[in-house]
Amino acid sequence: PLTCIIENCSNKEILERVYTQLQSFLSDPILKDDYQLQMELLKTFRRISVRVTSKFREEFILPYLAILTLQVKNTMDENDYEFTLGSFTSTYASSTSQSSSSFLTSPSTISLTTSSSTNSANTIVNSNSNNHQSDIQKICVLLFDTYQSMCVLNSADQQPIQISRQSIHESLVPGLGCLREILSNSIIMPSASAHNEFLARVEQIMFKIEQLQHQSSSNESPMK
């Protein structure tokens with residue numbers, strides 16, 4: 001697969017050809033609504049984002065994340081999709097505990113035995129709608145986890161990745177902004193006192209980025 005070459009190849013000429021092929025592949029509008037493919041790509045980019053070249057990260061991964069996050073936000077707004085905090089948390093726990101090969105499960109189907117063709121048709125429509133919303137929730141979780149993997153250090157010895165100010169301004173901040181809106185407006189809280197840790201984490205990341213952007217360019221920072 002192209003992503004395996006990106007992750008393991010150091011030949012610049014080969015990488016350039018791979019980048020071009022992948023860009024052409026993902027620009028196909030037919031793939032826009034292929035949620036299974038989007039989920040697989042997100043899992044791959046989450047895994048390789050800290051190991052690929054800065055060129056691929058800034059010219060491909062970050063713009064892709066920003067565009068996908070905006071598309072997901074628009075889809076949720078158009079369909080009035082909402083998630084409970086409990087279901088979002090459960091999906092996140094599942095995505096981080098299972099292997100990449102087992103995270104994608106077959107969509108659940110609603111089984112209803114009835115002699116009425118109208119009821120059967122309604123059941124199929126409701127099932128498709130529920131599956132669509134479930135896929136959107138999984139994508140939101142993977143977007144959150146991918147952004148977090150690039151912006152948050154998981155250990156003291158982990159080296160922060162370098163992201164240019166231009167990419168921060170053009171891709172990273174807009175993508176995070178859309179994700180913040182999703183987490184703020186589309187997660188149903190169980191009570192007024194409940195804490196949305198996902199929203200808080202994204203806001204923490206954005207605050208840190210804002211701080212770094214105000215630092216002098218001569219200062220060393222995880223994102224310069």
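## Aromatic pairs

Searching the whole structure turns up 11 aromatic pairs, where a pair means Phe, Tyr or Trp rings (the six-membered ring for Trp) with centres within 6.5 Å; planes under 30 degrees apart count as stacked, over 60 as edge-to-face and the rest as tilted. Take phenylalanine 45 and tyrosine 64: with ring centres 5.4 Å apart and planes at 80 degrees, the pair is edge-to-face. It links distant parts of the chain, since phenylalanine 45 sits in helix α3 (residues 35–48) and tyrosine 64 in helix α4 (residues 54–79), 19 residues apart. Phenylalanine 45 and tyrosine 64 are both buried, which here means under 20% relative accessible area, with exposed being over 50% and partly exposed in between (1.4 Å probe, protein chains only).

Phenylalanine 88 and phenylalanine 198 make another edge-to-face pair, at 4.8 Å centre to centre and 80 degrees between the planes. Phenylalanine 88 belongs to helix α5 (residues 85–97) and phenylalanine 198 to helix α9 (residues 197–214), so this pair ties together parts that are 110 residues apart in sequence. Phenylalanine 88 is buried at a relative accessible area of 0%, and phenylalanine 198 is buried at 8%. There's also a cluster: ring pairs link Tyr19, Phe45, Phe56, Phe60 and Tyr64.

## What the model is

This is a predicted model, so local features need pLDDT of at least 70 and side-chain atom pairs count only at pLDDT 80 or more, while totals for chains, interfaces and linings use all residues. Residues are numbered from 1 along each chain as its sequence is written, and side-chain values use heavy atoms, with hydrogens and water left out.

## Overall layout

The chain has nine helices and two strands, taken as DSSP runs (H or I, at least four residues, for helices; E, at least two, for strands) and numbered from the N terminus. Along the sequence they follow the pattern α-α-α-α-β-α-α-α-α-β-α.

Of the 224 residues in the chain, 40% are buried. Looking at contacts (heavy atoms within 4.5 Å) with a separation of 6 or more, 74% come from residues 24 or more positions apart. The chain exposes about 12,600 Å², and carbon and sulfur atoms supply 50% of that; the areas come from the Shrake-Rupley method with a 1.4 Å probe, and for residues only the protein chains shown count as cover.

## Salt bridges

The structure holds six salt bridges, each being a side-chain nitrogen of Lys or Arg within 4 Å of a carboxyl oxygen of Asp or Glu. Lysine 43 bridges to glutamate 40, with the closest N and O atoms 3.4 Å apart; the two are three residues apart in helix α3, so about one helical turn separates them. Lysine 43 counts as buried at 9% relative accessibility, whereas glutamate 40 is partly exposed at 36%. Lysine 73 and aspartate 77 meet at 3.0 Å, N to O, and because they are four residues apart in helix α4, they too are separated by about one helical turn. Here lysine 73 is buried at 15% and aspartate 77 is partly exposed at 45%.

Arginine 46 and aspartate 145 also form a salt bridge, 3.2 Å from N to O. Arginine 46 lies in helix α3 and aspartate 145 in helix α7, so the pair ties together parts that are 99 residues apart in sequence. Arginine 46 is partly exposed at 31% relative accessibility, while aspartate 145 is buried at 8%. Elsewhere, Glu16, Lys55 and Glu59 are linked in a network of salt bridges.

## Threonine 146

Threonine 146 lies in helix α7 (residues 117–151), and is buried with a relative accessible area of 0%. Setting aside neighbours within four places in sequence, threonine 146 contacts Leu42, Phe45, Arg46 and Leu65.

## Helix α8 and its kink

Helix α8 (residues 165–185) has 21 residues and spans 28 Å from its first C-alpha to its last, close to the 30 Å expected, where the expected span is 1.5 Å times one less than the number of residues. There is a kink of about 35 degrees at leucine 172, shortly before proline 174; the bend at a residue is the angle between axes fitted to the seven residues ending there and the seven starting there. Leu172 itself is among the buried residues of α8, which also include Ser171, Gly175 and Leu176.
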